[in-house]
Structure formats: C-alpha cells, structure tokens
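Welcome! Take a moment to look over the sequence and turn the model around on your screen. Then let's walk through it together.

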Amino acid sequence: FREQPIFSTRAHVFQIDPNTKKNWVPTSKHAVTVSYFYDSTRNVYRIISLDGSKAIINSTITPNMTFTKTSQKFGQWADSRANTVYGLGFSSEHHLSKFADKFQEFKEAARLAKEKSQEKMELTSTPSQESAGGDIQSPLTPESINGTDDERATPEVTQNSEPRAEPTQNALPFTHSSTISKHWEAELATLKGNNAKLTAALLESTANVKQWKQQLAAYQEEAERLHKRVTELECVSSQANAVHTHKTELNQTIQELESTLKKKEEEIERLKQEIDNARELQAQRDSLTQKLQEVEIRNKDLEGQLSDLEQRLEKSQNEQEAFRNNLKTLLEILDGKIFELTELRDNLAKLIECS
C-alpha cells in the first residue's frame, strides 16, 4: 500500500491508433475513474485507470511530458514508455481544467524529485568510482520520453457516438463472424504493439552489444598492455619493491576488468535470449495473421450466403404477394357469381309463386 490515490475524476479513455497515428480508439465503453497515484517510497507520480479488472491507463509522469487541451472537453498526452498517446474526454470544461492543473502540478513535483535524486547521487559518488575505468554509458537518451511533435498532433475525435442497431436474425451468421474477426484483429494489434516494442529493444540491444564488444576489445588490449608493463617492471631489480606494489595494483585492476568482462558477457547472453523471444513473438504474429486471413475469407463466404438468403426471401415475399392478389381476384369473381345465383334463386321463387 505504498501508492495512494491523491486525485480522481471520471472521463472517457482513448488511445491513438498505432497504425494511422491520427484516429482515436476508445478503450472504455463508458466513463471510468481516472486517478493520480503517488508512490512515497520512490517519489513517483502515476496516472492509473481501470475498466473492471483491466488497466487501460498506467502512465508514469515524467518532467518531459506535456498535457495538451485539444478542445473544451478533450485533452491528451504522449507516453513513450507505453509507446502510445492517451486521450481523455470529460463531461465539462471545468473537469478538464482541473485535471490539466493537477498534471502540471505533479509534473513539476516529478521534476523537483528528479533533481533531488541527481544531487544525492552526485554527493554519494566517490573518487574511486570516478577513476575505476569510467561508467559504461547506455545509448538511451531521455529526450524521447514525451514523443515527437507528430505524436502530439490532435486527431479528429467523436466523443458521443450513436448506439448501433440490433442485428436481425438473418444477419446473425455475419455478426458472429465479425465478432471473431474483431477478436483476432485485437489480438493482432496487441502483438503488433509488442513486436514494435521488442523491435526497438532489439535495435537498442544490438547497439549495446556493438558498444560492449568495442569496450571488451579495449579492455583486452589494456589488460595485455598491463601484463607487458608488469613484465617490464619485474625485470628492473632496482625498483623491486615499487614494482611489487605497482604489480599488486595492476593485478587488482585486471581482476576488476575481468569482472566487468564477465558481467558484459552475461548481459550479452540475456540480450540473445530477448532476441529469441522476439523471434518467437514474430512467429506467433505471422500465425495470427494467417488465421485472420482465413477468418476474412470465411466472412466473405458468409456474406455471399447472407446475400443469397436475402434474395430468396425477397423472391418468396413477391410470390406470396402475387398469390394474395390472385386470391383477392378469385374472391371478387366468387362474390359476383354468388350474387348472380342469389338473383336467379329469387327469380325462380317468384316464378314458382306466380305459377
């Protein structure tokens, strides 16, 4: 229970379409609770929203994020860690302004917390750490946290959509197949998002591997040079004591370099495993794509069957209408004959009476 909600509101939640980067995709069927959470142990602010048991928003606020009001009741922000852009539709402009003010407030608090943590790290760093061969820098840069200007573009949003009409019984097969197709499409979209993240991680890992290989080669050259230096110093008898001390220091440095090499080799193995996992996910994505194509083909067949049934139904209705018209004509003729027979009966009765 280290995280506690500090502000909550209700809104309709959207995410940017990962394919077009222009259209919004609703992630909640109705307005849900959107809350700011504060982690006191890590001094981190997050935006979290749940739709039932599913987390539809889980975004950590960073100093580089920006919340943009795109209309009187709609706002958005980009989260590069989640590789998406979130959008919120509020019931009034007041709720939107309140949420934006809180976003700015917690963003500033996150910036101050980051500065304090950097100051603590600088104060706790020791000279031995600075001279131990230098820290290995990652090629990742924090400038990409808030996304690009293209990701901040405001797509067209329709917040109040009309309810869909209920399908008829004749359309049930097509509706069922459409539901299956949408299910596979949702799974395919999720896999595409995961694949994009893993591809980016793979590119970063490849860059890290190249950099670490260069560093490994540099460390090996340095170790060889140090070994040669130790040999040269051992040959100088007049400086035996100094050489012994220097040799001990060099041996310690070599051990540290060997330890660093071992860690880098373990990191390379871990990256290889991640690459294998990425390939497995790629194979799963290809399999789902093939299944989706099969479902689409079946949908087309069902659409053809539905069209044929509609034509047959229309033809049957036309035949029934023609049959009704024929019955009406026969009834009219029968009424005329009955009327003539009635007149003939009356005339015969009159003749009988007269006779």
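## The overall layout

The chain contains 4 helices and 8 strands. Helices here are DSSP runs of H or I with at least four residues, strands are DSSP runs of E with at least two, and both are numbered from the N terminus. Reading from the N terminus, the order is β-β-β-β-β-β-β-β-α-α-α-α.

Before going further, please keep two notes in mind. This is a predicted model, in which local features need pLDDT of at least 70, side-chain atom pairs count only at pLDDT 80 or more, and totals for chains, interfaces and linings use all residues. Residues are numbered from 1 along each chain as its sequence is written, and side-chain values use heavy atoms, with hydrogens and water left out.

The predictor's confidence in each residue is called pLDDT, and it goes from 0 to 100. For this chain the mean pLDDT is 79, with 79% of the residues at 70 or more.

Which residues have pLDDT under 50? That stretch covers residues 126–176, where the model has 56 contacts beyond four places in sequence. A contact means heavy atoms within 4.5 Å. Where pLDDT is low, the predicted coordinates should not be read in detail.

Of the 355 residues in the chain, 25% are buried. Buried stands for under 20% relative accessible area, exposed for over 50%, and partly exposed for in between, using a 1.4 Å probe and protein chains only. The chain exposes about 25300 Å², and carbon and sulfur atoms supply 52% of that area. Such areas come from the Shrake-Rupley method with a 1.4 Å probe, and for residues only the protein chains shown count as cover.

Among contacts in the chain with a separation of 6 or more, 61% are between residues 24 or more positions apart.

## The largest pocket

The largest pocket has a volume of about 1200 Å³. It is lined by 29 residues, and the closest to its centre are Gln 15, Pro 18, Ala 186, Ala 189 and Thr 190. On a 1 Å grid over the protein atoms alone, a pocket is an open set of points where a 1.4 Å probe fits, with protein on both sides within 12 Å along at least five of seven lines; lining residues have an atom within 4 Å of a point. Grid points are joined across faces, edges and corners, and the volume is the space filled by probe spheres set on them.

Which element gives the largest share of the lining? That is α3, with 11 residues. The elements that each supply at least two lining residues are β1 (3–16), β2 (24–26), β5 (54–60), β8 (84–89) and α3 (172–235).

Lys 21 sits in the loop between β1 and β2. Its phi is positive, about 60 degrees, although Lys 21 is not a glycine. Asn 83, in the loop between β7 (74–79) and β8, also has a positive phi, near 55 degrees, without being glycine.

His 30 belongs to the loop between β2 and β3 (32–39). At 45% relative accessibility, His 30 counts as partly exposed. Beyond its neighbours within four places in sequence, His 30 is in contact with Ala 11, His 12 and Asp 51. His 30 and Ala 11 are 19 residues apart in sequence, while their C-alpha atoms are 8.1 Å apart in space.
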